[in-house]
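Here is a short tour to read alongside the sequence and the 3D view. Keep the model open as you go.

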Amino acid sequence: MESDIILRVNGREWPLRVDTRTTLLDALRERLGVTSPKKGCDHGQCGACTVLLDGRRINGCLVLAVACDGSEVVTAEGLGTDGELHPVQQAFVDHDGFQCGYCTPGQVCSAVGMLEEVAAGWPSAAGRPVADTPVLDDAEIRERMSGNLCRCGAYANIVTAVRAAKEVSR
Amino acid sequence: MASTSTRAPVGLSSVTRDGIGASPRRPDGTLKVTGEFAYSSDMWMEDMLWGATLRSPHPHAEILGIDVSGALRLPGVYAVLTHEDVPGEKRYGLEYRDQPVLAFGKVRYKGEPVAIVAADHPETARRALERIKVDYRVLEPVSDARRAALDPDCPLVHEEGSLPLHEEHNQRGNRVRYQPIRTGAFADGASVEEVRALADVVVTGEYEVGMQDQAFLGPESGLAVPAEDGGVDLYIATQWLHVDQRQIAPCLGLPADKVRLTLAGVGGAFGAREDLSMQIHACMLALHTGKPVKFVYNREESFFGHVHRHPATMRYEHGAKRDGTLVYATMEIVLDGGAYASATPAVVGVASSLGIGPYEVPHVSVDAYGVYTTNPPCGAMRGFGAVQACFGYESQMDRLAAELGMDPVDLRIKNAVSQGSRIITGQEIDMPMPMAEMLRRAREMPLPPDRSSLPAPSDPRTLPGGVANTSHGEGIVRGIGYGVGLKNLCFSEGFDDYSTARVRLEVVGGEPAVTVHTAAAEVGQGLVTVKGQIARTELGVERVTILPSDTRVGSAGSSSASRQSYMTGGAVKTACEAVRERVFALVRERGLVEDGHPDALLSLSGGKVVSAAEGVLISLADLLGGEAIEETREYHHRPTQMLDPSRGQGSSHTQFGMCVHRAVVDVDVELGLVKVVALDAVQDVGKVMHPQQLAGQIQGASAQGLGLALMEEIQVHDGVIRNPSFTDYLIPTILDTPPMRIDVLEHPDPHAPYGLRGAGEPPTLSSTPAIVAAVRNATGRPLTHAPVRPEDIVGIDPPQG
Ligand code: FES
Ligand code: FES
């Protein structure tokens, strides 16, 4: 079965006819040529496909494109403004928060979404739900970024980068 | 970490920035954070086809027939190819040519490629696979590696006479390589009983290392494009373009120059891209259909698409005097190479020669076997044979310390190698090896605070298992452990793994600019950054462009064995020196210095030619004008030797590296869960080229060692992989990976460029035994299997079946 949908990706509108079984990740990568979200597992296990869907971080491989009709999708390549990197991206570059870089577009989208969640006062799985403002120390950064695998093991620098980005965005 | 300080010469306002020792940003960094960096899986061409692979469902079976007609009838299918369609050689291989491009006669592991399809959509290609009928007669799998090594009645994986024989590897039956080493009394024929009598204390141990997967995050992928000259262009994520080319071309029946490779973005490698995966398949389909063909493996297929770390079983015996002085050691190691040789011979060479580790032992006997089985093929993974041995000998050192009632660090220091020591192959360690100092430094590092001093000890983030821990931390015990690993760096055993660099200096837009061209694979290690730093340091020019890696320049060798900073770094340095000489010749020609002015008194800095006596002579822009200087150089390390086949003697290694780890763990002894609280490292790297990237290498290698210590094992039963997914094969997350203190020493190796030592592998060795030792320290359990499983900690038998 096919459906006509409209995806708004990185500020641009794409009318699209998709097989209803197509994931958002495949629609982005294979139909629209937006290859910044990567496919590491296609099963929601690695986080390489993380994008922002209406501002929230999601795994593109776990969402069907038809379910995103009319939604706003932001991928790593759409995070920056006017040719400038997003502060989170700049922090990843400055603090060497990657090696091969395959997990990185997902990591930065995840970090951007995560910082928004913290700003909105959302608790993490390990946090106390009653806390008014979650404290984003290193342990909490790790807790909240644990859905994004990095096989190169750049985790220490990812923590540093996210901490630095948090400072900037204050 | 020391940083280089350079004094600005007379008349020069600033020296060249971002040379060696600095931490410039990665040149590919911006593209990587925006996601625009093109990995092999991101390649795209109009009208390209999608490739797919039919794989054997059996670990061991005879192929009675293949019928592709049903698949060919499916609309959208352009080609279905089997072994009959391989245009040239039917087999390929890294060291031995023993692996079929597409299976014929027999399949020897579950997942072996049997047929390939090209179709206009990946889903069509997948459906076509389902319509290929293969008639198999299932054979008994050969799954016990020890039996394959030692039982002459074990069925053969490869028929007698079907393999090239390598005398020097003692091949026989299922043995790919058997390497004995005998030193001291063992070399004179003494028996273990006789040598044992020399020791006061004897400890024995049997250890196992599970099959680890490299699990790079970007699965195998590539794009083959047919060319008008009848050749093919392949865009591929690999570790060594030229060795791929050397294996692909004969199978396609093409001369090497018609198979042109360009490195596509590599989403991690760790050894898993040393062997071919879909390279020949993609080229065959492209040449057959006349259209570009793209392959992308999914995660499950990736578990079958590359070789893994050899699982190992090891038996050790160590004897010592009462005071801890080692007297003798014996080791038997069986490495399961699976169905095809891949890098098994070289892995055996490393596991045997480094089998006893960095210790002075007068009498040693080693028997190392790499064997064929019908298990998944195993080959290169970061640490390459030295990882398995390190888990064995370090476990033994702890066992011996316990038996002697000695501190494990003191025991190691007492027997530590140092510069001038000989390893068991007779090779002298002719470079600094301050092992005793490194151990002391590791011991003196501050320890993390006790659990009792935590503000909220029941905070789930501090518990082993994290939020999944259902207790309040009542059963948590802390432990500390140490590990030391000795690793060979660069290729060994007579292999001349040279690298080539082409360096060009010219003036662009009024500014001097350098272009560096090599075929070296950037796999995330940061070689592109280091190449630029070397060019800046050597030529005093800040503007450096690194060209894409391809086969239009000579081989760079593999991005393996921690060798690229040494080898391709050496090649770039040598090519830069040649360019610099020509610049100085030009300076003389122009009469800017007197004839006979020694080069040693000239230098290039800040884009200018500088004389030690007179300061700035001329800017490069003025000197060169429209002229370009280009030089290509090969760089070779000193020659190495094969190990002799009977006693294993020979200077087989180019360079040695060492890392020491101290691990601190919290173990929930009731639930069998472990949290690594700290994983601190001391490593001697000779010379720090890029402090930030170096730290990343040490952290990443340590994390992979942590994975092997606590969670990573491909479960293979009767040749079948049971856990080919990231749900069932777990790799460390950011929560599993603790903060690390890193202490880097810089004792230069006089043989290496800048004195540097390869740094990417040594921490992979020592992190595993340090963590397991810490868990033993907390639990008192023997823990002889890596990875440690919850049932090992709790002390219950593993579930059967
Ligand atoms: S590709 Fe979506 S989580 Fe791995
Ligand atoms: S940088 Fe390679 S997987 Fe994260």
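Chain B is divided into domain 1 (29-37 + 498-635), domain 2 (41-139 + 220-296) and domain 3 (395-486 + 645-794), with bounds from an automatic or database domain assignment. Taken over C-alpha atoms, the centres of domain 2 and domain 3 of chain B are 39 Å apart.

This is a predicted model, in which local features need pLDDT of at least 70 and side-chain atom pairs count only at pLDDT 80 or more, while totals for chains, interfaces and linings use all residues. Residues are numbered from 1 along each chain as its sequence is written, and chains are lettered from A and ligands numbered from 1 in the order in which they are written.

Next, have a look at strand 21 (residues 499-508) of chain B and its partners. Helices (H or I, at least four residues) and strands (E, at least two) are DSSP runs, numbered from the N terminus; two strands pair if DSSP finds at least two bridges between them.

| Partner of strand 21 of chain B | Sense | Bridges |
|---|---|---|
| Strand 27 (residues 629-635) of chain B | antiparallel | 7 bridges |
| Strand 22 (residues 511-517) of chain B | antiparallel | 7 bridges |

B:Arg502 has B:Thr632 in strand 27 of chain B as its bridge partner, and B:Leu505 stands opposite B:Val514 in strand 22 of chain B. Strands 21 and 22 of chain B form a hairpin with 2 residues between them, and B:Gly509 in that turn has a positive phi of about 60°.

Finally, the contact between the chains takes 46 residues from chain B and 47 residues from chain A, counting residues whose C-beta atoms, placed from the backbone, lie within 7 Å. On the side of chain B that touches chain A, helix 16 of chain B gives the largest share, 7 residues.

Terms used:
Contact = placed C-beta atoms within 7 Å.
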